[in-house]
Amino acid sequence: QSKLAFFRATNTGETAVTGRAVYNVLPESAGPYFSKLECFCFKNQTLQPGETVAFPVVYFVDPRYAKDRDATSSGQITLSYTFYPAPAVPAVGARN
């Protein structure tokens, strides 16, 4: 069964920022069982100055996770994101 979660991000700066979120799953042993079906992290996101956005993530945890004694030692999975600025894309026809 898939589930829906929301991650909130706020641009506290004075200018718009465009970036991409990179995810992390803990414990590491849960990683092979965790799948993101829909995620804001699949593409760049732009936040305007002072803007707060609730980004949706649709995910699935393989039921085999519950049977893997090595993976389930902590009993929970933590999903986190780090937002990195996207590299600037040169304008069409621009030269380096």
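Where does Lys 43 lie? Lys 43 sits in the loop between β3 and β4, the latter running over 45-47. This is a predicted model, so keep that in mind as you go through the points below. The protein chain has six strands and zero helices, plus one disulfide that turns up in a search of the whole structure.

**The chain overall**

- Going along the sequence, the pattern of the protein chain reads β-β-β-β-β-β.
- There are 96 residues in the protein chain, and 23% of them count as buried.
- Take the contacts in the protein chain between residues at least 6 apart in sequence: 78% of those join residues at least 24 apart.
- The protein chain has an accessible surface of about 7,100 Å², with 52% of that belonging to carbon and sulfur atoms.

**The largest pocket**

- The largest pocket holds about 150 Å³ of space.
- Its lining is made up of Phe 7, Arg 8, Ala 9, Ala 21, Phe 40, Leu 47, Phe 55, Tyr 81, Thr 82 and Phe 83.
- Sorted by class, that lining comes out as eight nonpolar residues, one polar and one charged.
- Two strands, β1 and β6 (78-85), each give at least two residues to the lining of the largest pocket.

**The disulfide**

- Cys 39 and Cys 41 are the two partners, with S to S at 2.4 Å.
- The disulfide is right-handed, because the torsion about the S-S bond of Cys 39 and Cys 41 is about 130°.
- Cys 39 has 10% relative accessibility, so it counts as buried, the cut-off for buried being under 20%.
- Cys 41 is buried too, at a relative accessible area of 8%.

- Pro 56 belongs to strand β5, which covers residues 52-61.
- With a relative accessible area of 38%, Pro 56 is partly exposed.
- Setting aside neighbours within four places in sequence, Pro 56 is in contact with Leu 4, Ala 5, Phe 6, Glu 38, Cys 39 and Phe 40.
- One of those contacts, Cys 39, is a disulfide partner, and another, Phe 40, is part of the lining of the largest pocket.
- Pro 56 and Phe 40 are 16 residues apart along the chain, and their C-alpha atoms are separated by 6.5 Å.

- Asn 11 is in the loop between β1 (3-10) and β2 (17-26).
- Although Asn 11 is in a loop, it is buried, with a relative accessible area of 7%.
- Not counting residues up to four places away in sequence, Asn 11 touches Ala 16, Val 17, Leu 47, Gln 48, Pro 49, Gly 50 and Glu 51.
- Beyond its neighbours within four places in sequence, Phe 34 is in contact with Val 25, Tyr 59, Phe 60, Val 61, Ile 77 and Leu 79.
- From Phe 34 to Tyr 59 is 25 residues along the chain, with 7.3 Å separating their C-alpha atoms.

**Loops with exposed residues, and the cis peptide**

- Back to Lys 43: at 56% relative accessibility it counts as exposed, the cut-off for exposed being over 50%.
- Leaving out neighbours within four places in sequence, Lys 43 is in contact with Gly 19 and Arg 20.
- The C-alpha atoms of Lys 43 and Gly 19 are separated by 8.5 Å, and the two residues are 24 apart along the chain.
- Gly 75 is in the loop between β5 and β6 and counts as exposed, at 62% relative accessibility.
- Pro 27 is in the loop between β2 and β3, where β3 covers 34-39.
- The peptide bond that joins Leu 26 and Pro 27 is cis, with omega at about 0°.
- Gly 75 and Pro 27 are 48 residues apart in sequence, and 9.5 Å apart in space from C-alpha to C-alpha.

Definitions and conventions. Residues numbered from 1 in each chain as written. Predicted model: local features only at pLDDT ≥ 70, side-chain atom pairs only at ≥ 80, totals over all residues. Heavy atoms only, no water. Helix = DSSP H or I, 4+ residues; strand = E, 2+ residues; numbered from the N terminus. Buried < 20%, exposed > 50% of the residue type's maximum accessible area, 1.4 Å probe, protein only. Contact = heavy atoms within 4.5 Å. 1 Å grid on protein atoms, 1.4 Å probe; cavity = no way out; pocket = protein on both sides within 12 Å on 5 of 7 lines; lining within 4 Å. Points joined across faces, edges and corners; volume = space filled by probe spheres on them. Nonpolar A, V, L, I, M, F, W, Y, C, P; charged D, E, K, R; others polar. Areas by Shrake-Rupley, 256 points an atom, 1.4 Å probe, with all protein chains shown as cover. Disulfide = S-S within 2.5 Å.
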